[in-house]
Amino acid sequence: MPRLSEVLASLDTLWPPERAEQWDAVGTVCGDPDASVTRVLFAVDPVQDIVEEAVKLGAELIVTHHPLYLRGTTTVAASTFKGRVVHTLIRHDIALHVAHTNADSADPGVSDALAGALDLRIVRPLVPDPTDPAGRRGLGRVCELDRPATLRDFAARVAHRLPATAQGIRIAGDPDALVRTVAVSGGSGDSLFDQVRAAGVDVFLTADLRHHPVSEATHHSPLGLVDAAHWATEWPWCEQAAAQLDEISDRNGWDLRVHVSKTVTDPWSAHLSSGAPN
Ligand SMILES: [Zn+2]
């Protein structure tokens with residue numbers, strides 16, 4: 001069985017930490033490089049529910065998309081939300097490793113997994129990484145549908161294929177408009193409207209869209225928007241990443257057990273449609 005340092009070195013080949021954004025906090029949060037690894041759990045969020053799932057599974061390594069401490073900290077006291085996570089991890093000899101914006105921009109990356117879950121044909125990155133001469137890496141993906149569909153039917157596909165959340169799926173724009181081309185970006189995508197407009201796509205699928213950018217983007221514009229729960233748009237990456245590590249494990253004869261958490265860590269717990277009919 002491999003040591004943690006060997007598993008982490010292989011993860012760094014998939015998502016090189018130097019490709020993370022400057023502001024990001026990726027890499028290993030805790031863990032002993034010499035410890036043995038037999039089970040790995042992939043999840044979106046490094047929250048207590050996920051750590052407890054790893055304890056039950058007997059996993060020695062959790063790989064999450066979101067960082068635990070993005071902005072640093074002066075305390076890991078167990079009385080704090082994140083400190084409790086750290087305590088539980090260390091008490092159970094579980095390592096935590098983060099692949100965030102380095103996984104967003106990878107090939108394949110977070111948005112490839114999202115496009116794959118929806119059976120979209122990927123054309124190119126929405127925001128190409130200028131350091132990639134092949135033009136395959138970057139943020140978001142511009143995609144085509146196998147056949148044109150209405151915005152409503154495309155959103156129904158998103159609702160059906162992504163894991164269930166309380167938020168569900170929101171649409172902006174004419175639900176009956178025909179959709180052929182789609183920009184997708186897993187996670188918060190409302191900083192990408194300029195690139196979406198420049199790509200000339202029919203619809204943009206992302207998460208965390210806010211009132212003003214949506215209002216501006218759809219005003220006098222045929223662009224349709226599909227807003228899913230942040231967690232749901234990034235969860236397909238966990239399955240993609242687990243398959244990548246499985247393949248590495250087979251190649252190296254490691255015999256790792258690789259798991260994907262199905263725990264919904266999207267923080268919204270219920271959704272009511274407002275404006276009850278009279
Ligand atoms: Zn995210």
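A salt bridge is a side-chain nitrogen of Lys or Arg within 4 Å of a carboxyl oxygen of Asp or Glu.

**Entry: ground rules.** I am working with a predicted model, where local features need pLDDT of at least 70 and side-chain atom pairs count only at pLDDT 80 or more, while totals for chains, interfaces and linings use all residues. Residues are numbered from 1 along each chain as its sequence is written, and side-chain values use heavy atoms, with hydrogens and water left out.

**Entry: Asp-112.** I looked up the salt bridges and got 15 in the structure. One of them pairs Asp-112 with Arg-141, with the closest N and O atoms 2.8 Å apart. Asp-112 sits in helix H5 (residues 110-117) and Arg-141 in strand S6 (residues 138-150), so this pair ties together parts 29 residues apart in sequence. I noted that helices (H or I, at least four residues) and strands (E, at least two) are DSSP runs, numbered from the N terminus. Both Asp-112 and Arg-141 are buried. Buried means under 20% relative accessible area, exposed over 50%, and partly exposed in between (1.4 Å probe, protein chains only).

**Entry: Asp-119.** Next I found Asp-119 bridged to Arg-161, closest N and O atoms 3.1 Å apart. Asp-119 is in the loop between H5 and strand S5 (121-128) and Arg-161 is in helix H6 (residues 151-161), so the pair ties together parts 42 residues apart in sequence. Asp-119 is partly exposed at 46% relative accessible area, and Arg-161 is partly exposed at 36%.

**Entry: Arg-137.** Arg-137 makes a salt bridge with Asp-132, and here the closest N and O atoms are 3.9 Å apart. Arg-137 is buried at 13%, and Asp-132 is buried at 11%. I also saw that salt bridges with shared partners join Asp-129, Asp-132 and Arg-137 into one network.
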